Amino acid sequence: MDNLEDIKWSGYLRQDGKIGIRNKVLVMYTVECAAFVAKEVVRRINNPEVEVVGFSGCTDNTYALNLLLALIRHPNVGGVYVIGLGCEYLQAEKLSQYAAEKGKFGSWLLIQNEGGTKKSIEKACENVEEILEKLEDTKIVPMGFADLIVGAECGGSDYTSGLAGNVVVGRFFDFLVNQKGIAIFEEIVEAVGLKEMLVKRGISEEAREELASTYDKAMEYCKKVKQYSISPGNFVGGLTTIEEKSMGALIKSGSQPIQGVLKVAEEVKNKGLWLLDSTPDPYFMDFGFTNPNDNEGLTDLVASGAQLLFLVTGRGNVVGSAISPVIKITGNNNTYSYMQEDMDFNAGDILSGACTIEDSVFSLIKLVTQICAGEKTKAEELGHKEFFIPYKYQDDKKSKRERCEGNVTRGVRA
């Protein structure tokens, strides 16, 4: 670990040149009516690399569609099998076609066309097993920090989050950006009172304008829903105001210039540090809440291409992700000791004086290297494979320019 820039591990090369640290098959459902079949297929195959994801809604929602498309093209995904009922807006065949265009193995079916539950499960199991066989030939290539996208968010924050947990993540982000990697942080609703501090870090005038407007939108959203991003659990953990919590949350972004603002499911174009905006856009702010749970935030980060995720939690959390490994970090020694089966990394030794910040960052770099090389996180060991896709309104240049990626939703029947 002496020459950090020389660290390499093996990754899975995709057709578009991106590299994954996992080799997943997604069994994707296009409506809640198809969820049982999809989940049963994954249960029967019983392979840790086969995951179930999907959207429960039946109506047309561009935000959800763009997010599913982003999951399909994710570098940790090698195959996609889409299961639909047959009368919903999202079209299984067209999603499967999109996957093929992105170089992913896969196929699709409609339960109505197959004759019901049992026949659909049997056919899907056979097809997914075939995809798994094809993925055995995935090309393995060297991978380093320059090939890595890491996303970070907070959940269950306490007073130690801003003093240790988020501090270590921020320092790691500085390291990653210096290594020509990509770092993404979110939770603009946890930047209350910090507009000037945030905006001045924009790398260009365009970036500064994006940061300012994103901040203003988030504050309007919080006012509209009559709630800021602070909870009773935060108070129990020693935080007193949303401004205090925000100071700790922003620290996880580190100190590098911010390249700009990403919308959910927008691909990163440049290396460096980015802010992810997951707040609903103004037109339909009443329709959908931002971050109803930590799983939405993690899924949003995955949709930006993050192969690896950090979840900083002072009070403890247990969740994982269906697509990208989640390293759960705490700055609280008591939390780490009490929830050691779920927590991956203890930054609390900084506060106890057992190590320096630099020592802790070095340890986190080492852990990231091990996880990227295939070692399982605690969530992976326990089988946590959460994801969450809500209804949300998103009206941005990506949605307008690439709406439905070839008309994926149009037409009632495939």
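Hi everyone, let's start with Glu40, which is buried, with a relative accessible area of 12%. Keep in mind that what you see above is a predicted model. Glu40 forms a salt bridge with Arg43, and their closest N and O atoms are 2.6 Å apart. Arg43, by contrast, is exposed, at 56% relative accessible area. Both sit in helix H1, 3 residues apart, so about one helical turn separates them.

That pair is one of 15 salt bridges in the structure. Some of the others share partners: Lys24, Glu49, Glu51 and Lys385 are joined that way into one network.

Let's look at Lys24. Its side chain meets that of Glu51 in a salt bridge, 2.6 Å from N to O. Lys24 lies in strand S3 and Glu51 in strand S4, so this contact ties together parts 27 residues apart in sequence. Both Lys24 and Glu51 are buried. Lys24 also forms a salt bridge with Glu49, with 4.0 Å between the closest N and O atoms. Glu49 is in the loop between helix H1 and strand S4, 25 residues from Lys24. At 22% relative accessibility, Glu49 counts as partly exposed.

Now for a strand pair. How many residues of strand S10 are buried? The count is 5 of 6, so this strand, residues 258-263, is mostly covered. S10 pairs with strand S11 in the parallel sense, over 4 bridges. Within that pairing, Lys263 has Asp277 in S11 as its bridge partner.

Last stop, the surface: Tyr159, Leu163 and Leu351 make a nonpolar patch of about 300 Å². Tyr159 is in the loop between strand S8 and helix H6, and is partly exposed at 47% relative accessibility.

Note on methods: Residues are numbered from 1 along each chain as its sequence is written. This is a predicted model: local features need pLDDT of at least 70, side-chain atom pairs count only at pLDDT 80 or more; totals for chains, interfaces and linings use all residues. Side-chain values use heavy atoms; hydrogens and water are left out. Patches are made of residues with over 30% relative accessible area and no salt bridge: like charges are joined within 9 Å, nonpolar side chains (Val, Leu, Ile, Met, Phe, Trp, Tyr) within 5 Å. Accessible areas come from the Shrake-Rupley method with a 1.4 Å probe; for residues, only the protein chains shown count as cover. Helices (H or I, at least four residues) and strands (E, at least two) are DSSP runs, numbered from the N terminus. Buried means under 20% relative accessible area, exposed over 50%, partly exposed in between (1.4 Å probe, protein chains only). Two strands pair if DSSP finds at least two bridges between them.
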